[in-house]
Amino acid sequence: MNKNFQEMFAKAKQEKRGSLIGFATGMDPNYKTSKKILIEMSKHCGAVEVGIPFNTSTSDSATIMDANMRAIKSGANTEKIFKLIKEVKSEIKNNVPFLIMTYMNPVYRYSIKKFAKKCKTSNVDGLIIVDSNNNSPEDKELSRELKKINVAYVKLVAPTNDEAFIKETLKKCSSWIYVVSYAGLTGSKQVNLGNVKKISKLIRKNSKIPIGVGFGIRTKSDVSKVIKIADATIVGSGIVDIVGKNIKNHNLTKKIGSYLKNLKKGLNK
Amino acid sequence: MKIPPFKEINPPNKNGYWINHKTKETYGGQYISPLLIPNLQKVEKCFEKAINDKKFMRELEEKLLTFIGVNTPILRSTELENLIGGQKKVGKIYLKRTDLHHDSSHKPVNSFSSCYMAKHIFKAKKIICETGASMHSRSVAAACAMLKMDCEVHIGAVDAEKVSLNKDISELYGAKIVVVNESTKSLLPAMASALRSWQSNPDAMYVVGSVAGPSPYPRMVRTWASVIGRIAKQQFKQMTGKVPSTLFCVCGGGSNLMSMAYPLLKDKTEIFAVESGGEGIHTGRHGATILGGSKMGILLGFKSKVVMKSAQIAESLTEASGLDFAAVGPEVAYLNDIGRIKFRSTTDIEAKKTFLMCCEKLGIVPAIEACYVINAALKEIKKRKNPRENHLIHLCGSGESNVARMIKFKRENE
């Protein structure tokens, strides 16, 4: 397990609470503001997930798609997002783990080996690839490369997946597993606790890996319900929505801070 | 009439990849959210069941013959031969008239087959599809009307305006139209939008219009569509005693190319695919993938040749909505890389002039997409100067929905 994630889950366990993982698209709306947003998020979240935007994403709702397009317009690319994370991590001077979330094309085009190395040198702790397939040659290479350098490879499982698929996914997954709570797009529906319970049971049956739940978690009450079942909860659209509605607002980071502070109140087990 | 049976001659491996054994490059695959993996497995299972179910295939083929009218003629065009020197200099030119299908393009063969499978084997109540020139949506919507299924069409905002007639016909057939305002507002974001919608409606079936998308779609679409090429090959042999010397098809994603080329892959026919050169490939404003500086990339569930800017999918620009796609299907990219298919391009202006020529000299209103291939074919055939050759061009659609833009072009240039 990646050391920073190990510490995050251990500390949360000791404090009898769950962990909050916040997502924002890197360089949305621009490099400078995004840096402030990520620093603010690191003060409140157990881990921070940074999106490398992709203009042909197949799993994101309009909120995240708009953020992707804003980031691309501001010049976002893989190289700059690595630089952004490296700078943020050196400024925050703590061990809050940072993950990259993206699609396979940006990783594949960058070169898988080079991408993995760059994760290490930029202090990235983990990687999530939405459209990575367990049977693809890229997934096999990526999983191998990340393992060598102890960067977490966080894989997704969905309510439509059966136990065989979950078992296959668990073989490649490291540090924690991402449970998609419903069949739909990011942030488009309410979290589905029935699904979460069902998939968590299947995961627990086969592994002790920590479980993070995402999709449809926006409020303190959502966080509180999810944390009763899982180890961590991922909040994305809620944060990105604040960015989208407050691009020119000087209080943008403050607004994100108070939103996250409130969510944290739901983390107690 | 009996449709010649399908023979698998270039199958992908069990994970949906075509492999170039010389370079070890892989094409295809299934790059998609895990949410859709069970659905794709179900589509694949249903497809295998369908093609091995004799009763299903017999009923489907009867519908293809009687509802779609798949036995369209091959027309010898002395008019085209005469434009470039006559038969004695360039050989004989033939046009495969899939513009005469029900709903006026090559698309209904795959669309109807996929919907028929969705209804009887997948047991879906709703179909989701994307569309560019709306030929696909029009034929999916017609199939859904006939088969009593709901239909949801995703179309880019630019295309919705360009080909409004086909879009309106889709709506008349009862389809719900979702206009996509993202990114290039064309076929690519429409397909991404359809895939996103499928994730929210896993009980529906997604019907892809090109030989693209995650496995099993590239193989399934070309297998259904190859009915066209199987019939054409048989017709051509009956007419000339042999297979064509050359085959010319236009290529956006590659569905009409593969519909004709697939049954000829193991024959001696030289196969040419024609891309849209837009305003000229050198300008960067074009719809050409293979000739337009593509690299291997991963998008919309598959790995293939893609035109990109950095890691983002580039904008493709062309008059023809059906060719407005920054990638080609994985099997097409593979066949190009192993040298089985050669690529040529035609600019928008050349295609528009060819449109007017076809109206005036052939008495045919072709889809603008078909004009790219007719233009490139005439250039290539003229260059070959071989009177012993028989050339086959795929006239893949009718141009009613292009009329408004073309009459404007004609009047502006008179």
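Let's start with the interface. In chain A, 33 residues are in contact with 29 residues of chain B. Keep in mind that this is a predicted model.

Which elements of chain A each supply at least two residues to the side that touches chain B? They are α3 (62–73), α5 (104–110) and β6 (156–157). The largest share comes from α5(A), with 6 residues. By residue class, the side of chain A that touches chain B has 16 nonpolar, 15 polar and 2 charged residues.

Next, a helix pair inside chain B. Helix α5(B), residues 107–122, packs with α6(B): their axes come within 8 Å. The crossing angle is roughly 40 degrees. Its hand is right-handed.

Who meets whom? On the α5(B) side we have Lys107(B), Pro108(B), Ser111(B), Phe112(B), Cys115(B), Tyr116(B) and Lys119(B). Facing them from α6(B) are Met135(B), His136(B), Ser139(B), Val140(B), Ala143(B), Cys144(B) and Leu147(B). That contact divides into 9 nonpolar, 3 polar and 2 charged residues.

Now the backbone. A reminder first: most residues other than glycine have a negative phi, and most peptide bonds are trans. Here are some exceptions to look at.

Two cis peptide bonds to show you. In chain A, one joins Asp28(A) and Pro29(A), with omega about 0 degrees. Pro29(A) sits in the loop between β1 (19–25) and α2 (31–44) of chain A. In chain B, the bond from Ser215(B) to Pro216(B) is cis, and omega is near 15 degrees. Find Pro216(B) in the loop between β8 (205–207) and α10 (217–225) of chain B.

Then positive phi. Lys93(A) is not a glycine, yet its phi is near 50 degrees. Look for Lys93(A) in the loop between α4 (78–92) and β3 (98–102) of chain A. Ser134(B) is not a glycine either, and its phi is positive at about 70 degrees. Its loop runs between β5 (126–131) and α6 (135–147) of chain B.

Buried or exposed: what are the surroundings of Lys93(A)? Lys93(A) counts as exposed, because it has 7 C-beta neighbours inside 10 Å, and the cut-off for exposed is 12 or fewer. And Ser134(B), buried or exposed? Ser134(B) is buried, because 30 other C-beta atoms lie within 10 Å, and 20 or more is the cut-off for buried.

That's the tour. Over to you.

Methods. Residues numbered from 1 in each chain as written. Chains lettered and ligands numbered in written order. Predicted model: local features only at pLDDT ≥ 70, side-chain atom pairs only at ≥ 80, totals over all residues. Helix = DSSP H or I, 4+ residues; strand = E, 2+ residues; numbered from the N terminus. Contact = placed C-beta atoms within 7 Å. Nonpolar A, V, L, I, M, F, W, Y, C, P; charged D, E, K, R; others polar. Axes fitted to C-alpha atoms, helices over the stretch in contact; angles between N-to-C directions. Left-handed = near helix turned anticlockwise from the far one by under 90°.
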